[in-house]
Amino acid sequence: GTIGENCGGIVGSSASWPNGNIVIENCWSTGAIGINAGGIFGNLAGDGGGNAVARYCYSTGLIGAGGGGIFGSYAVNAEATACYSRGTITANGGGIFGSYAGYNSGTTPATNCYSLGTFSVTGTGIYGANAIDDSPSNCYSANGSWSNTTANTQLTGDPDPIKGTVW
């Protein structure tokens, strides 16, 4: 089904609040992602002194305004490793992180992640609009046009030790 506004497909809004740590691995969502929502984590993931981590996760649904394929808007201390999204990215959204990633002096690294979906003028492949901390490492944004050559150059390592590469 559709993931509602500010919600997450697996974990709700404000995951890890307060001072908690949450790690989600090998999960996915296929529904459309609502405004400021995330395919795995809702908005404000890692807020309140906690940490939110997604590993080997993916989403395939349309990404709504301000939303993200993995993390919703305003992720504070959140990390994405070997994650991907395939859905079209609408205004201010991002393929991995929604808008305002790194909010409140947080860190939001993305490592070995990719985004396949096309994006609007104000959306981006990895981070949504107004990202405060956009520090991707070995990530690839295809913008609807996949290139094996480019993907193999930008994505390194083995993103899923069980299944092998996802690209």
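P109 stands opposite S135, a residue of strand 9. Strand 7 (residues 109-111) and strand 9 run parallel, joined by three bridges. Strands here are DSSP runs of E, at least two residues long, and helices are runs of H or I, at least four residues long, both numbered from the N terminus. Two strands count as paired if DSSP finds at least two bridges between them.

This is a predicted model: local features need pLDDT of at least 70, side-chain atom pairs count only at pLDDT 80 or more, and totals for chains, interfaces and linings use all residues. Residues are numbered from 1 along each chain as its sequence is written, and side-chain values use heavy atoms, with hydrogens and water left out.

Five strands make an open sheet with parallel pairing, in the order 1-3-5-7-9. Strand 1 (21-25) and strand 9 (135-137) stand at its edges; each has a single partner strand, so one side of each is left without a neighbour in the sheet. From one strand to the next, the twist averages 10 degrees (axes are lines fitted to C-alpha atoms, with angles from 0 to 180 degrees between N-to-C directions).

Next, the packing. The largest nonpolar core has 23 residues, of which F41, I70, F71 and F97 touch the most other members. Strand 3 (51-55) and strand 5 are the elements that give two or more residues to this core. Another core, of six residues, lies apart from it, and includes Y84, Y140, A142 and A151. A nonpolar core is a set of buried Ala, Val, Leu, Ile, Met, Phe, Trp, Tyr and Cys residues joined through side-chain atoms within 4.5 Å. Buried means under 20% relative accessible area, exposed over 50%, and partly exposed in between, with a 1.4 Å probe and protein chains only.

Where does C83 sit? C83 is found in the loop between strand 5 (78-81) and strand 6 (84-85). At 1% relative accessibility, C83 counts as buried. Beyond its neighbours within four places in sequence, its contacts (heavy atoms within 4.5 Å) include C57, I70, I96 and C113. The C-alpha atoms of C83 and C27 are separated by 9.7 Å, with the two residues 56 apart along the chain.

Finally, the whole chain. Of its 167 residues, 48% count as buried. Contacts between residues 24 or more positions apart account for 77% of those with a separation of 6 or more. The chain has one helix and 10 strands.
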